[in-house]
Amino acid sequence: PQTVHDVAGRLLRPFGFSVVTLLVTASLAIADKARAKQVEAARRLDAQQAKARFLRTVSHDMRTPLNAILGFSDLLMEERNEDQRQEYYVRLKDAGAHLLNLVNNLLDWSRIDAGRLELNPAPACLPQEIEGCIRMVERRATEKGLSLTYLPDMDENLWHNIDAFRLRQVVINLIENAIKYTDDGGVTVELKGRRNAKGAGKDHFVINIKDTGIGLPDNFEQNLFEEYQQAYRVEGQQARGGVGLGLSISRQIAKEMNGNLKARSRKEGGSVFTVELVLERVKAPKEAKPVHVDKPEAKTTPPSFSDVPTQSPTNTSSINPSTPSSGTSARPSPEGPKILIVDDNTPNRLVVHAFLSAAGCSTLQAENGKIAVDMCEAHDDIQAILMDIDMPVMNGIEATKILRGKSGKYTQFPIIALTAHVLPEDRAELLEAGLTDILHKPVDREKLISLVFSHTEEDAQLRNEKGPEENSMDASPPEEPLQVSMS
């Protein structure tokens with residue numbers, strides 16, 4: 001091999017295999033270190049983006065129940081009809097419970113992240129606890145026209161050591177998810193138990209929550225139970241609310257109970273979430289009475305609360321069209337503009353409807369963008385749209401782009417975003433998509449009324465300036481009213 005000398009002629013090192021090996025090794029080490037830095041930077045970026053999405057979603061989802069809380073509180077201060085007040089109270093309580101559940105999820109996630117989630121087991125009857133969960137959520141299923149069936153298959157008078165609060169948290173979260181992602185059919189809750197043959201010790205239980213909803217995506221195993229994820233949807237479906245912590249927390253709680261939480265798709269459509277538990281059997285408390293759990297038939301009864309009909313041919317001044325509201329500060333004009341309210345959240349629609357009705361407006365309602373587009377084609381007298389953004393089936397941006405693409409009045413038609421997205425980049429995106437203006441949730445009553453009348457008056461003025469011939473070109477031929485079923 002060649003040799004290398006210094007300026008004095010002294011031999012430094014043979015320049016051969018050993019030097020080359022050293023250089024290659026050093027180069028590989030540098031490359032590995034650079035690659036590791038890139039991986040770590042990518043991991044940190046992913047974590048930052050996930051947390052940013054999480055915080056953005058938390059902000060959005062807190063504003064949704066806050067909108068109902070503030071709106072119904074405002075209406076309660078003015079409403080004199082006792083039946084109507086009772087309905088407002090129920091809606092207000094539901095919104096408060098929803099907000100409390102969100103806060104509790106955030107606290108639980110913080111405890112789990114710090115390894116401080118503690119269980120407080122006590123004697124409880126599992127079939128009775130599950131039935132209590134059913135009773136707490138059955139109205140939500142009824143409002144969507146879904147069946148909710150409970151099928152317990154075990155000894156109803158066995159008692160076990162269990163943290164009943166945490167158990168209800170898991171089961172209610174899973175049932176509510178099933179209802180949220182199911183539009184037709186229903187949800188079935190099965191409870192199966194296998195008693196230890198020795199008559200003592202621990203028993204095995206399986207709780208299946210089956211739905212006929214949209215099902216699970218093909219790759220759901222990868223991130224279904226991850227934090228900050230809304231993985232419970234298939235491609236082409238919009239997110240349906242939630243901060244992406246419920247399933248992660250539920251699985252952690254199930255594991256703390258020496259169990260597990262699994263999920264699978266159903267061949268006939270929908271999904272199944274399974275809670276597996278191993279519980280220590282205990283004696284029933286002395287004061288405990290024999291338990292008999294009802295096994296109700298599938299229920300598809302209509303909503304027990306009087307939602308506003310999808311089509312409102314006349315002006316209404318309260319949520320219940322048959323009950324006039326007293327004490328509201330309504331505009332004197334009985335011929336106010338007709339407004340289409342588009343929002344997948346029923347309480348939000350009802351609050352906005354009540355505000356607008358008291359101001360002399362008439363309203364139509366739609367629960368997603370697709371229904372809104374269909375209703376615009378069927379009703380030529382709609383003068384403005386209040387458009388939520390995050391909705392199932394078709395979101396507000398997609399619906400706006402479809403309407404803007406139609407010829408006629410919808411090219412410049414007032415479409416006002418009614419959204420909980422409040423960041424500056426959100427505003428830029430919405431305006432670029434064709435929204436006329438933006439109103440943030442929680443909705444301020446005076447801003448809502450002022451904005452609606454401002455845009456409808458401007459639109460009417462523009463149409464008057466165009467003249468009857470141009471307006472007749474914009475007008476759609478009369479059609480039969482579109483019958484749209486609302487949940």
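Modeller: Happy to! Let us begin with lysine 255, which sits in helix 6. Please keep in mind that this is a predicted model. With a relative accessibility of 43%, lysine 255 is classed as partly exposed, because that class covers values between 20% and 50%. From lysine 255 to leucine 277 there are 22 residues in sequence, and their C-alpha atoms are 8.6 Å apart in space.

Two packed helices are described by the angle between their axes and the distance between the axes. For helix 2 (residues 82-113) and helix 6 (residues 246-256), the axes come within 10 Å and cross at roughly 50 degrees. Helix 2 is therefore oblique to helix 6. The crossing of these two helices is left-handed. On the helix 2 side, the residues involved are Asn105, Asp108, Trp109 and Ile112, and they meet Gly246, Ile249 and Gln252 of helix 6. Sorted by class, this contact between helix 2 and helix 6 holds three nonpolar, three polar and one charged residues.

Moving past helix 6, the loop between helix 6 and strand 8 (260-265) contains asparagine 258. Its backbone deserves a look: phi of asparagine 258 is near 60 degrees, a positive value in a residue other than glycine. Most residues other than glycine have a negative phi, and most peptide bonds are trans. Asparagine 258 has a relative accessible area of 55%, so it counts as exposed, the cut-off being over 50%.

A second case of this kind is valine 393, whose phi is near 70 degrees, again positive in a residue other than glycine. Valine 393 belongs to the loop between strand 12 and helix 9 (396-404). Valine 393 has a relative accessible area of 40% and is partly exposed.

Five strands form an open sheet in the order 11-10-12-13-14, with parallel pairing. Strand 11 (362-366) and strand 14 (437-440) are the edge strands, each pairing on one side only. From one strand to the next, the twist averages 25 degrees. Strand 13 (residues 415-419) pairs with strand 14 in the parallel sense over four bridges. Leucine 418 has leucine 439, in strand 14, as its bridge partner. Helix 10 (residues 424-433) packs on the sheet and touches strand 13 and strand 14, and its direction makes about 140 degrees with that of strand 14. Helix 7 (residues 346-358) lies across strand 10 (338-342), strand 11, strand 12 (384-387) and strand 13, running at about 165 degrees to strand 11.

Lysine 441 and proline 442 are joined by a cis peptide bond, with omega about 0 degrees. Proline 442 lies in the loop between strand 14 and helix 11 (445-474).

Finally, let us step back to the whole chain. The protein has eleven helices and 14 strands. Of its 487 residues, 46% count as buried. Among contacts with a separation of 6 or more, 72% are between residues 24 or more positions apart.

Terms used
Residues are numbered from 1 along each chain as its sequence is written. This is a predicted model: local features need pLDDT of at least 70, side-chain atom pairs count only at pLDDT 80 or more; totals for chains, interfaces and linings use all residues. Side-chain values use heavy atoms; hydrogens and water are left out. Two strands pair if DSSP finds at least two bridges between them. Axes are lines fitted to C-alpha atoms, for helices over the stretch in contact, and angles run from 0 to 180 degrees between N-to-C directions. Contact means heavy atoms within 4.5 Å. Angles under 35 degrees count as roughly parallel, over 145 as roughly antiparallel, 65 to 115 as roughly perpendicular and the rest as oblique. A crossing is left-handed if the near helix is turned anticlockwise from the far one by less than a right angle, and right-handed if clockwise. Ala, Val, Leu, Ile, Met, Phe, Trp, Tyr, Cys and Pro count as nonpolar, Asp, Glu, Lys and Arg as charged, and the others, Gly among them, as polar. Buried means under 20% relative accessible area, exposed over 50%, partly exposed in between (1.4 Å probe, protein chains only).
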